[in-house]
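Let's walk through this fold together, one piece at a time. Keep the viewer open and follow along as each part comes up.

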Amino acid sequence: MTKNLNFFNTLSNKKEKFVPINKDKVGMYVCGPTVYDTPHIGNARPLVVFDVLYRVLLKIFGKNKVTYVRNITDVDDKIIAAASENNEDIKSLTERTIKFFHDDADYIGALEPTFEPKATDYINDMIDIISSLIEKDYAYVSEDNVLFSASKFSKYGQLSGKNLEEMIAGSRVEVESFKRSSSDFVLWKPSKSSEPGWDSPWGKGRPGWHIECSAMSEKLLGKNFDIHGGGQDLIFPHHENEIAQSECA
């Protein structure tokens with residue numbers, strides 16, 4: 001039955017037969033919601049798509065042989081901005097929004113994932129990866145920020161199939177004075193006194209968006225796993241940056 005299961009592989013840009021690394025331990029990581037507002041149709045689509053895929057994998061490989069990880073991003077600039085606009089604390093906002101998401105998932109009959117990690121529970125794992133990247137000279141500290149040097153990863157751009165100039169144009173890339181290059185992306189940023197923050201070797205701060213998924217996926221599925229899913233809009237910069245920092249670390 002496995003021979004009939006084919007995926008479109010974004011990296012190779014073609015459909016391929018799915019052959020798991022270990023058929024007794026199939027792993028799937030899916031980028032879940034950033035919980036700053038009530039879920040919208042964009043959140044619902046991957047919820048349905050990967051729920052269907054999860055059911056297919058369970059049918060083929062067996063109930064105890066598939067691990068489905070769907071994260072929750074509960075620390076992010078959008079969350080901080082929304083909480084400030086609502087004049088409420090961040091925890092109240094995220095807990096309420098997570099409940100909305102779970103209620104919607106239940107309403108459409110989606111199965112619960114094996115694990116649903118929250119980013120804030122894996123800060124130490126993120127710090128460990130960032131420290132490794134600095135040690136290996138793939139990342140640098142600048143004005144209390146830690147940034148990844150995209151140009152040092154020779155395969156950067158392979159996933160999205162574009163060169164650096166094409167990817168930067170019109171993308172969600174922050175251009176700041178503390179960057180050595182506009183293609184570099186933030187791994188760790190300083191926090192103001194009014195913002196959530198954690199102690200780190202680089203001062204009190206919080207993780208960048210991309211490092212969160214690298215840490216959670218590695219912790220729960222290992223350094224290598226079968227499927228990484230998410231919205232098409234996440235191919236660049238999010239998934240491109242995940243590959244770069246994970247492989248270099």
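Three strands form an open sheet in the order 4-3-9, and their pairing is parallel. Two strands pair if DSSP finds at least two bridges between them; strands (E, at least two residues) and helices (H or I, at least four) are DSSP runs, numbered from the N terminus. Strands of a sheet pair through backbone hydrogen bonds, either parallel or antiparallel. Strand 4 (66-70) and strand 9 (227-229) stand at the edges with a single partner strand each, so one side of each has no neighbour in the sheet. From one strand to the next, the twist averages 15°.

A word on what you are viewing: this is a predicted model, in which local features need pLDDT of at least 70 and side-chain atom pairs count only at pLDDT 80 or more, while totals for chains, interfaces and linings use all residues. Residues are numbered from 1 along each chain as its sequence is written, and side-chain values use heavy atoms, with hydrogens and water left out.

Back at the sheet, strand 3 (residues 26-30) runs parallel to strand 4 and is joined to it by five bridges. Met 28 has Tyr 68 in strand 4 as its bridge partner. Helix 1 (residues 41-61) packs on the sheet, touching strand 3, strand 4 and strand 9, and its direction makes about 165° with that of strand 4. Contact here means heavy atoms within 4.5 Å; axes are lines fitted to C-alpha atoms, for helices over the stretch in contact, and angles run from 0 to 180 degrees between N-to-C directions.

Now turn to the helices. The axes of helix 6 (residues 209-221) and helix 7 (residues 235-248) come within 9 Å and cross at roughly 55°, so these two helices are oblique to each other. Helix 4 and helix 6 have axes 9 Å apart and an angle of about 105°, and are therefore roughly perpendicular. As cut-offs, angles under 35 degrees count as roughly parallel, over 145 as roughly antiparallel, 65 to 115 as roughly perpendicular and the rest as oblique.

Finally, look at the aromatic rings. Rings of Phe, Tyr and Trp (its six-membered ring) pair if their centres lie within 6.5 Å; planes under 30 degrees apart count as stacked, over 60 as edge-to-face and the rest as tilted. By this rule there are six aromatic pairs. Tyr 138 and Phe 148 have ring centres 6.4 Å apart and planes at 5°, so this pair is stacked.
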